[in-house]
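This briefing is for a reader meeting the structure for the first time. Please look over the sequence and the model before going on to the notes.

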Amino acid sequence: RRSGSGAGRMSDLRGKDYLTEKEAAHYCGVCLRQFQVKRKEAGIRALLHMGKKLYRRADLVKSIEKHA
């Protein structure tokens with residue numbers, strides 16, 4: 001059984017170079033759906049590893065700084 005909103009699980013992304021799609025959306029400060037729709041436009045490339053979409057933290061930072 002899950003409890004809470006998930007914010008606690010997302011609160012500590014320090015030390016992670018690659019983030020899941022949900023973590024990447026959280027890191028960028030947007031909902032998952034907005035991230036999915038806007039990521040290509042923002043120049044954020046997904047990597048596929050073992051069937052999971054991963055995103056480089058460095059790419060997220062570049063996109064945030066470029067579009068800020």
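The model is predicted. It holds one aromatic pair, and its second largest pocket has a volume of about 270 Å³. Phe-35 belongs both to the aromatic pair and to the lining of that pocket.

**Aromatic pair**

- The ring centres of Phe-35 and Tyr-55 lie 5.1 Å apart, and because their planes stand at 85 degrees, over the 60 that marks the class, the pair is edge-to-face.
- Phe-35 lies in helix 3 and Tyr-55 in strand 3, so the pair links distant parts of the chain, 20 residues apart.
- Phe-35 has a relative accessibility of 4% and therefore counts as buried, the limit being under 20%.
- Tyr-55 is also buried, because its relative accessibility is 0%.

**Second largest pocket**

- The lining of the second largest pocket includes Cys-28, Val-30, Gln-34, Phe-35, Lys-38 and Arg-39.
- Also among the lining residues are Glu-41, Ala-42, Ile-44, Ser-63, Ile-64 and His-67.
- Helix 3 and helix 4 (57-67) each contribute at least two residues to this lining.
- Sorted by class, the lining has six nonpolar, three polar and three charged residues.

**Val-30**

- Val-30 sits in the loop that runs between helix 2 (21-28) and helix 3 (32-38).
- Leaving aside residues up to four places away in sequence, Val-30 touches Ala-25 and Phe-35.
- The relative accessible area of Val-30 is 27%, so this residue is partly exposed.

**Met-50**

- Met-50 is placed in the loop between strand 2 (47-49) and strand 3 (52-56).
- Although Met-50 is not a glycine, it has a positive phi of about 55 degrees.

**Cysteines**

- A disulfide is a covalent bond between the sulfur atoms of two cysteines.
- With a cut-off of 2.5 Å between cysteine sulfur atoms, the count of disulfides is zero.

Definitions and conventions
Residues numbered from 1 in each chain as written. Predicted model: local features only at pLDDT ≥ 70, side-chain atom pairs only at ≥ 80, totals over all residues. Heavy atoms only, no water. Helix = DSSP H or I, 4+ residues; strand = E, 2+ residues; numbered from the N terminus. Buried < 20%, exposed > 50% of the residue type's maximum accessible area, 1.4 Å probe, protein only. Contact = heavy atoms within 4.5 Å. Phe/Tyr/Trp six-rings, centres within 6.5 Å; stacked < 30°, edge-to-face > 60°. 1 Å grid on protein atoms, 1.4 Å probe; cavity = no way out; pocket = protein on both sides within 12 Å on 5 of 7 lines; lining within 4 Å. Points joined across faces, edges and corners; volume = space filled by probe spheres on them. Nonpolar A, V, L, I, M, F, W, Y, C, P; charged D, E, K, R; others polar.
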